[in-house]
Amino acid sequence: MCRGCRLLPHGGYTLFPAVLSTLAWFASLMQDGCDYVHVTGPIVDELTTIKGVPFIEMGFSAYRAPSFDPELKNWVVSYEGECSDYNEDVVNVDMYWKVSKGFAFLALVLGGGGALFLWFSSCFVFSRG
């Protein structure tokens with residue numbers, strides 16, 4: 001059958017970090033990437049086409065602007081719609097921005113690989129002997 005494969009050779013405690021790392025990796029996959037920070041100030045008027053918007057939610061590659069709800073009489077963010085891309089004339093995408101996007105992708109790949117390694121270590125012993 002499976003040569004060298006045993007169920008939990010290191011004990012049942014190996015499932016705890018495997019489950020936590022997998023849940024963290026899934027959480028990083030499920031986000032849309034345009035709601036990392038809540039921004040107010042003059043940059044809001046420069047980025048949005050709607051006048052009077054009090055805030056926006058920004059991320060690495062896009063932003064999300066709220067809409068005014070007349071029933072609530074408040075600005076509400078709808079998380080169902082698409083994110084808006086940045087205007088290259090307003091936002092300076094420099095080397096630091098590009099490097100941080102690269103590191104974000106690298107963290108996603110290494111996080112998934114680490115979670116996969118933890119799951120394999122729950123039934124395999126990785127040693128030379």
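This is a predicted model: local features need pLDDT of at least 70, side-chain atom pairs count only at pLDDT 80 or more; totals for chains, interfaces and linings use all residues.
Colleague: Where is lysine 73 placed, between which two strands?
Modeller: The backbone of lysine 73 has a positive phi, near 55 degrees, although the residue is not glycine. Most residues other than glycine have a negative phi. As for its place, lysine 73 sits in the loop between strands E4 (67-69) and E5.

Colleague: How many Å apart in space are tryptophan 75 and tryptophan 97, C-alpha to C-alpha?
Modeller: Tryptophan 75 is in E5. Along the sequence, tryptophan 75 and tryptophan 97 are 22 residues apart. In space, C-alpha to C-alpha, tryptophan 75 and tryptophan 97 are apart by 29 Å.

Colleague: Is H1 roughly parallel or antiparallel to H3?
Modeller: Helix H1 (residues 15-30) packs with helix H3 (residues 95-120) at about 150 degrees, and their axes are 9 Å apart. Angles over 145 degrees fall in the class in question. Therefore H1, relative to H3, is roughly antiparallel.

Colleague: How many charged residues are there in the contact of H1 with H3?
Modeller: The crossing of H1 and H3 is left-handed. On the H1 side the contact is made by Leu15, Pro17, Ala18, Val19, Ser21, Thr22, Trp25, Ser28 and Leu29, and on the H3 side by Leu108, Gly111, Gly112, Ala115, Leu118 and Trp119. By class, the contact has 10 nonpolar residues and 5 polar ones, and the number of charged residues is none.

Colleague: Leaving aside neighbours within four places in sequence, which residues is threonine 22 in contact with?
Modeller: Threonine 22 is in helix H1. At 14% relative accessibility, threonine 22 counts as buried, because the class takes values under 20%. Its contacts, leaving aside neighbours within four places in sequence, are Ala115 and Trp119.

Colleague: What is the relative accessible area of alanine 24?
Modeller: Alanine 24 is found in helix H1. Its C-alpha atom is separated by 25 Å from that of valine 77, 53 residues apart along the chain. Alanine 24 is partly exposed, with a relative accessible area of 46%.

Colleague: Is the disulfide of cysteine 34 and cysteine 83 left-handed or right-handed?
Modeller: The structure holds 1 disulfide, and cysteine 34 is joined to cysteine 83 with an S to S distance of 1.9 Å. The torsion about the S-S bond is about -45 degrees, so the disulfide is left-handed.

Colleague: How many residues apart in sequence are the parts tied together by cysteine 34 and cysteine 83?
Modeller: Cysteine 34 is buried, with a relative accessible area of 0%. Cysteine 34 lies in the loop between H1 and strand E1 (37-39), and cysteine 83 in the loop between strand E5 (74-76) and strand E6 (84-85). The pair therefore ties together parts whose separation in sequence, in residues, is 49.

Colleague: How many Å apart in space are asparagine 87 and proline 70, C-alpha to C-alpha?
Modeller: Asparagine 87 is in the loop between E6 and H3. At 35% relative accessibility, asparagine 87 counts as partly exposed. Asparagine 87 and proline 70 are 17 residues apart in sequence, and their C-alpha to C-alpha distance is 28 Å.

Note on methods. Residues are numbered from 1 along each chain as its sequence is written. Side-chain values use heavy atoms; hydrogens and water are left out. Axes are lines fitted to C-alpha atoms, for helices over the stretch in contact, and angles run from 0 to 180 degrees between N-to-C directions. Helices (H or I, at least four residues) and strands (E, at least two) are DSSP runs, numbered from the N terminus. Angles under 35 degrees count as roughly parallel, over 145 as roughly antiparallel, 65 to 115 as roughly perpendicular and the rest as oblique. A crossing is left-handed if the near helix is turned anticlockwise from the far one by less than a right angle, and right-handed if clockwise. Contact means heavy atoms within 4.5 Å. Ala, Val, Leu, Ile, Met, Phe, Trp, Tyr, Cys and Pro count as nonpolar, Asp, Glu, Lys and Arg as charged, and the others, Gly among them, as polar. A disulfide is a pair of cysteine sulfur atoms within 2.5 Å. Buried means under 20% relative accessible area, exposed over 50%, partly exposed in between (1.4 Å probe, protein chains only).
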